[in-house]
Amino acid sequence: MSRRKHKPPGNKRKRRASPARSWFFIALSSAILIGCGAVVTTHWGFRPLPEITGTNIVVPSHWRPEETARTWKWIVIHHSASESGGAAVFDTWHRKRGFDELGYHFVIDNGEGMPDGDVEVGSRWLKQKQGAHAKSADGQYNEHGIGICLVGNFEKDEPTAKQWQMLVKLVAYLSSEYGVPSDRIIGHRDVNGKTLCPGKNLSVEKLREDVKTYLRENRK
Ligand SMILES: [Zn+2]
């Protein structure tokens with residue numbers, strides 16, 4: 001008989017969890033934490049996630065999809081033509097119109113309904129799925145265009161300072177990460193000329209200039 005079997009009750013070693021059991025609990029806790037992280041990142045408006053460095057620019061980690069990147073050739077800017085709203089509201093509108101989900105990849109809020117300057121990441125972007133925001137005869141702008149919608153009606157109002165700041169950062173990141181050149185940052189009206197979107201008070205020319213400046217100043 002080994003001495004081990006005759007240790008008195010209360011021996012500390014007996015009360016300690018076995019290494020295998022400890023590892024099981026560590027693994028379980030990690031799985032739960034990772035699972036929670038995955039869930040919250042897909043919800044509208046959730047944002048206290050750490051920023052990470054990518055190719056050149058530091059962006060919130062939930063802007064980066066885990067799916068293999070689609071081939072993106074265009075960045076198409078929209079306004080919502082409404083005074084308020086957010087990704088969840090537009091998702092409902094789009095579903096009522098027969099879309100499978102929110103047609104845009106990103107929504108930038110204006111403080112009317114959702115916090116000013118918040119960048120909401122659509123589930124379409126996380127899945128790296130084609131857009132449903134810029135119809136054309138050949139379908140290329142939906143197939144290869146990243147759709148960004150700013151909440152507001154820029155035929156009469158202007159983007160808020162925070163919206164513009166986040167738009168510049170987002171477009172700078174997307175154009176840099178996915179190799180979309182400056183002249184392919186366009187407004188919805190440039191797709192087919194059948195809409196005023198994103199409104200006369202949103203200058204795509206100024207956006208291109210500000211993105212160039214941002215990239216020059218933030219490249220590492
Ligand atoms: Zn539009």
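User: Which residues have the most contacts inside the largest nonpolar core?

Analyst: This is a predicted model, and its largest nonpolar core has 39 residues. In soluble globular proteins, nonpolar side chains tend to be buried together. Inside this core, the residues with the most contacts are Phe106, Ile108, Ile148, Leu167, Leu170 and Val171.

User: Which element gives the most to this core?

Analyst: Several elements put in two or more residues: the strands β3 (74-79), β4 (106-108), β5 (119-121) and β6 (145-150), along with the helices α3 (87-96), α6 (161-178) and α8 (204-218). The top giver, with eight residues, is α6.

User: Which residues of α6 are buried?

Analyst: To count as buried, a residue needs 20 or more other C-beta atoms within 10 Å of its own. Over the chain, 32% of the 220 residues are buried. In α6 the buried ones are Gln163, Met166, Leu167, Val168, Lys169, Leu170, Val171, Ala172, Tyr173, Leu174 and Ser175.

User: How far apart are the end C-alpha atoms of α6, and what span should its 18 residues have?

Analyst: Take 1.5 Å a residue, and the 18 residues of α6 should span 26 Å. The expected span uses one less than the number of residues. The model agrees with that, because the end C-alpha atoms of α6 are 26 Å apart.

User: What is in contact with Val171, leaving aside its neighbours within four places in sequence?

Analyst: Val171 is among the residues with the most contacts inside the core, and it is also one of the buried residues of α6. Once neighbours within four places in sequence are set aside, its contacts are Ile75, Ile185, Leu207 and Val211.

User: How are α6 and α8 placed, roughly parallel or roughly perpendicular?

Analyst: Two packed helices are described by the angle between their axes and the distance between the axes. Here the angle is about 70°, and the axes of α6 and α8 are 9 Å apart. Angles of 65 to 115 degrees count as roughly perpendicular. So α6 and α8 are roughly perpendicular.

User: How many residues in the contact of α6 with α8 are nonpolar, polar and charged?

Analyst: From α6 come Leu167, Val168, Lys169, Val171, Ala172, Ser175 and Ser176, and they meet Leu207, Asp210, Val211, Tyr214 and Leu215 of α8. Sorted by type, that contact has eight nonpolar, two polar and two charged.

User: Where is Ala81, and what is its phi?

Analyst: Most residues other than glycine have a negative phi, and most peptide bonds are trans. Ala81 sits in the loop between β3 and α3, and it counts as partly exposed because it has 18 C-beta neighbours inside 10 Å. Ala81 is not a glycine, but its phi is positive, about 60°.

User: Is Gln128 buried or partly exposed?

Analyst: Gln128 lies in the loop between α4 (123-126) and α5 (140-144). Its phi is positive too, near 55°. With 15 C-beta neighbours inside 10 Å, Gln128 is partly exposed.

User: Is the peptide bond from Cys197 to Pro198 cis or trans?

Analyst: Pro198 lies in the loop between α7 (189-192) and α8. Omega of the bond from Cys197 to Pro198 is near 10°, and the bond is cis.

Conventions
Residues are numbered from 1 along each chain as its sequence is written. This is a predicted model: local features need pLDDT of at least 70, side-chain atom pairs count only at pLDDT 80 or more; totals for chains, interfaces and linings use all residues. A residue is buried if 20 or more other C-beta atoms lie within 10 Å of its own, exposed if 12 or fewer, and partly exposed in between; C-beta atoms are placed from the backbone. A nonpolar core is a set of buried Ala, Val, Leu, Ile, Met, Phe, Trp, Tyr and Cys residues joined through C-beta atoms within 7 Å. Helices (H or I, at least four residues) and strands (E, at least two) are DSSP runs, numbered from the N terminus. Two residues are in contact if their C-beta atoms, placed from the backbone, lie within 7 Å. Axes are lines fitted to C-alpha atoms, for helices over the stretch in contact, and angles run from 0 to 180 degrees between N-to-C directions. Angles under 35 degrees count as roughly parallel, over 145 as roughly antiparallel, 65 to 115 as roughly perpendicular and the rest as oblique. Ala, Val, Leu, Ile, Met, Phe, Trp, Tyr, Cys and Pro count as nonpolar, Asp, Glu, Lys and Arg as charged, and the others, Gly among them, as polar.
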